[in-house]
Amino acid sequence: MKRTNIFSRLTRLAAVAAIATFVACGNKLDSYIGSAEELALQPGTSLATSADYENFIFRGEALTSEGAEAALLFHSDGESGYEITLRNGAQDGSIKTGSLRSVRNLYRSLAADGEWFDFEVAVRGKNVAVKINGVDVVCYTEPAAPYREAAHAKKLIGRGAVVAKGVKGDVRLRNMSLEKLAADARNEADTLPPIDEQTDHVIRFQQRDFPVIDWHVHLKGGLTKEMAHAMSMNYGINYGVAPNAGEGGVGRMLADDKEVRSYYEEVKNHPFLFGVQGEGRKWTQTFSQEALGIFDYLFTDAMTIIDHKGRNSRIYRAEEVIRDGGITMEQYMDLIVDQTVKILSYEPADIFANATYIPDDMNLDYEKYWTDERVDKVLDVLQKHNIALEISARYKIPSLDIIRKAKERGIKFTFGTNNVDANFGRLEYSLEAVEKCGLTVEDMWFPTMSTRRDREVVIYNHFDASGKRAKQSK
């Protein structure tokens, strides 16, 4: 009993000390604002402004050590309020710098450990805008009826202190300024309508810190970088933007290493993840691993195959699906599976996109053609080479049964749209598959898991100078 009383007393004293620490530090952030003095944030340290703020712009510079993390809170009493994450480093699934935590999480940082970077947090009415190194990374407008789970019930627009909080490692702040704005301040750049969070599925995943990333977005069909940027921030979906490298696809096609590098320089400072899609079956002969290696990830699909007569066949085009010479539907399906295994075995992709796609005239019998034996052949090679399986929101493939089988094998997943224009959805099928197949954050793929740079490229389709596939001696 005595030990219990002592423990209870110590617990109460610890709680009081924690509150006292926040109160004692409560006036200290003011001394750094407008000052050249550098603030070192250590884990557990919280420094708050003495005054409450409603509309404001908070600017400064930050420096993170490797693996370090800090948070900037606003409209806070020390625990409540919105939180901006400061964390850089590799794309490993951790929430990155500029994130409006658990509301608009980001998975790529525009800053790097060991380098000072600029940050800006602005609150105007119901709008929260975050810039990192001068680039907008968050533009979120809290709707009239925000969706908040119990753990985040206090993440709401109101008024309160601005707080700098150390979480992990060493984070430093300097050259901070804090400007109060008028009660009627508005963000003129906030032009898209707020999302109805009572019906929105994305905010529910954000609240659980489940990564919501569309890795398969193409800038084509009228979709510009600027449009994709605005849509990504409004919907709360991180976009992985990828051009096609090769030939035979639709939209912008990169033709050689020089164009690959030029494209990367064009987009690298935008707040996207950056991939490239190997298009057609000649791309491994056309591009070097070094050039493609500058991208965050590389993916390909089996929508272009070499058919039974050696023809290049884009199976998403009915006129190129030619079953001559007496080949049956079942034999053609075996051909697709055989080509898929070769593609995944010999082409160094991180992600198998548009996975299990088959021609339209076969897709009505999808379950019939994707037998257990055929599925296993594809899953075997994914597992062997640590290739992620894309859950396609556009085509609603693979089937839920195949996704469950892949999960049992420990295969990782990504989400993808493969859009043809600017009018594409919000990963509905992909997120539905998460719920119905019991996927967790641990089931998702990130670039730090990539093994493609260690894989040997095998030239298994030999093309002559004219681009035709050359006959190979046995």
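The largest cavity of this predicted model is lined by 19 residues, and those nearest its centre are L106, V137, S232, N238 and P271. Strand 8, helix 4 (225-235) and strand 12 (238-241) are the elements that give two or more residues to this lining. Helix 4 gives the most, with three residues. The volume of the largest cavity is about 190 Å³. Its lining divides into eleven nonpolar, six polar and two charged residues. In total, the model holds four cavities of 30 Å³ or more.

The largest pocket has a volume of about 330 Å³. It is lined by 23 residues, and C139, N187, A189, D190 and M233 are the closest to its centre. Strand 8 supplies the largest share of this lining, five residues. At least two residues each come from strand 6 (117-124), strand 7, strand 8 and helix 4. By class, the lining of the largest pocket comprises eleven nonpolar, five polar and seven charged residues.

Helix 4 gives three residues to the cavity and at least two to the pocket.

The second largest pocket has a volume of about 250 Å³. Its lining consists of 16 residues, with K220, V250, Y316, R394 and N418 nearest the centre. Six of the lining residues are nonpolar, six are polar and four are charged.

Strand 3 (residues 56-64) runs antiparallel to strand 6, and seven bridges join the two. Within this pairing, F56 has V123 of strand 6 as its bridge partner. Strand 6 then pairs with strand 7 over six bridges, again in the antiparallel sense. E120 has K131 of strand 7 as its bridge partner. Strand 7 (residues 127-132) is in turn joined to strand 8 by six bridges, and these strands run antiparallel. Here A129 stands opposite C139 of strand 8. C139 is also among the residues closest to the centre of the largest pocket.

Strand 6 is mostly covered, with seven of its eight residues buried. Strand 6 and strand 7 form a hairpin with two residues between the strands. In this hairpin, G125 takes a positive phi near 65°.

The loop between strand 5 (82-86) and strand 6 contains E115. E115 has a relative accessibility of 49%, so this residue counts as partly exposed. The cut-off for exposed is over 50%, and buried means under 20%. E115 and S65 lie 50 residues apart along the chain, and their C-alpha atoms are separated by 8.7 Å.

At the level of the whole chain, the secondary structure comes to 13 helices and 21 strands. The radius of gyration is 26 Å, close to the 23 Å that the globule rule gives for 474 residues, so the chain is as compact as a globular protein of that length. Along the principal axes, the C-alpha atoms fill a box of roughly 85 × 60 × 40 Å. Of the 474 residues, 53% count as buried.

How values were computed: Residues are numbered from 1 along each chain as its sequence is written. This is a predicted model: local features need pLDDT of at least 70, side-chain atom pairs count only at pLDDT 80 or more; totals for chains, interfaces and linings use all residues. Side-chain values use heavy atoms; hydrogens and water are left out. Two strands pair if DSSP finds at least two bridges between them. Helices (H or I, at least four residues) and strands (E, at least two) are DSSP runs, numbered from the N terminus. On a 1 Å grid over the protein atoms alone, a cavity is a set of points where a 1.4 Å probe fits but cannot get out, and a pocket is an open set with protein on both sides within 12 Å along at least five of seven lines; lining residues have an atom within 4 Å of a point. Grid points are joined across faces, edges and corners, and a volume is the space filled by probe spheres set on the points. Ala, Val, Leu, Ile, Met, Phe, Trp, Tyr, Cys and Pro count as nonpolar, Asp, Glu, Lys and Arg as charged, and the others, Gly among them, as polar. The radius of gyration is taken over C-alpha atoms; the globule rule is 2.2 Å times the number of residues to the power 0.38. Buried means under 20% relative accessible area, exposed over 50%, partly exposed in between (1.4 Å probe, protein chains only).
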